[in-house]
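Here's a quick briefing for anyone opening this structure for the first time. Take a look at it, then read on for a tour by topic.

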Amino acid sequence: MYQWVSLLSLWAIPVMIAFVLLYGWRKKVPVYETFVEGAKGGLGTTIRILPHLIAMMVAVSMFRESGALDLLLGLIKPALDFLHFPEELVPLALLRPLTGTGSLAIATDLIAQYGPDSFIGRLAATMQGSTDTTLYVLTVYFGAVGIRNSTYALKVGLWSDLAGVIFSLLVVYLVFS
């Protein structure tokens, strides 16, 4: 199973890129020109969402630097011990819905400390790929289009992140144990 997953991950992105290029060529879409036009539109979007990005980065920094993360870790430690969930991965699970950069830094540190082929390294990488930056997505994309009521999207996004953490744990146990 490990060799199959390795082969799939090696070829997935190149095959998808080739498929998109060939599909566009077959449908007579000017692929390069379409890409450039999309990049031009992306610049305007970047300018519109910049205030939302700054607000999210400040909020995440305040959460980490205030000690709130450490306090939360102390409160949930008994549950983690009961579930045999590695304590080292809790900051990644908690920060992933908030910040992609912060969670990537945590995942990078975990992989550097424990190694990419360790249980913690594999679980960190799987969690990083199986969850999303929910609050970032809501702040940036909903803010860009002017949506103010994001209650249901927030609930669904956070439940999806929890499911991503749980299933990451299960997949890493099943594939690599």
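Predicted model: local features only at pLDDT ≥ 70, side-chain atom pairs only at ≥ 80, totals over all residues.

**Ile111**
- With a relative accessible area of 27%, Ile111 counts as partly exposed, because that class lies between the limits of under 20% for buried and over 50% for exposed.
- Setting aside neighbours within four places in sequence, Ile111 is in contact with Pro116, Gly121 and Ala125.
- Val31 is 80 residues away from Ile111 in sequence, and the two C-alpha atoms are 37 Å apart in space.

**The chain as a whole**
- Along the principal axes, the C-alpha atoms fill a box of roughly 60 × 45 × 30 Å.
- The protein chain has 177 residues, and 27% of them are buried.
- Take the contacts between residues at least 6 apart in sequence: 68% of them join residues at least 24 apart.

**How α5 meets α6**
- Two packed helices are described by the angle between their axes and the distance between the axes.
- For α5 and α6, the angle is about 160° and the axes are 8 Å apart.
- That angle makes α5 roughly antiparallel to α6, since the class takes in angles over 145 degrees.
- The crossing of α5 past α6 is left-handed.
- On the α5 side, the contact uses Gly100, Ser103, Leu104, Ala107, Leu110, Ile111 and Tyr114, and these meet Ile120, Gly121, Ala124, Ala125 and Gln128 of α6.
- Sorted by class, this contact of α5 with α6 has 8 nonpolar residues, 4 polar ones and no charged ones.

**How α6 meets α8**
- Helix α6 (residues 119-130) and helix α8 (residues 151-176) have axes that come within 9 Å and cross at roughly 135°.
- With that angle, α6 is oblique to α8.
- Here the crossing is right-handed.
- From α6, the residues making the contact are Phe119, Arg122, Leu123, Thr126, Met127 and Ser130, while α8 brings Gly164, Val165, Ser168, Leu169, Val172, Tyr173 and Phe176.
- The contact of α6 with α8 splits into 8 nonpolar, 4 polar and 1 charged residues.

**The largest nonpolar core**
- In soluble globular proteins, nonpolar side chains tend to be buried together.
- Which residues touch the most other members of the 19-residue core? They are Phe85, Leu89, Leu92, Leu110, Leu123, Ala124 and Met127.
- Helices α3 (68-83), α4 (90-95), α5 (100-114), α6 and α8 each give two or more residues to this core.
- Helix α6 supplies the largest share, 4 residues.
- Leu89 touches Leu110, Ile120, Leu123, Ala124 and Met127, leaving out its neighbours within four places in sequence.

**Arg122**
- Is Arg122 buried or exposed? Its relative accessibility is 18%, so Arg122 counts as buried.
- Arg122 belongs to helix α6.
- Not counting residues up to four places away in sequence, Arg122 touches Tyr2, Pro116, Asp117, Val172 and Phe176.
- Among these partners, Val172 and Phe176 are also on the α8 side of the contact between α6 and α8.

Definitions and conventions: Residues numbered from 1 in each chain as written. Heavy atoms only, no water. Axes fitted to C-alpha atoms, helices over the stretch in contact; angles between N-to-C directions. Parallel < 35°, antiparallel > 145°, perpendicular 65-115°, else oblique. Left-handed = near helix turned anticlockwise from the far one by under 90°. Contact = heavy atoms within 4.5 Å. Nonpolar A, V, L, I, M, F, W, Y, C, P; charged D, E, K, R; others polar. Core = buried A, V, L, I, M, F, W, Y, C linked by side-chain atoms within 4.5 Å. Buried < 20%, exposed > 50% of the residue type's maximum accessible area, 1.4 Å probe, protein only.
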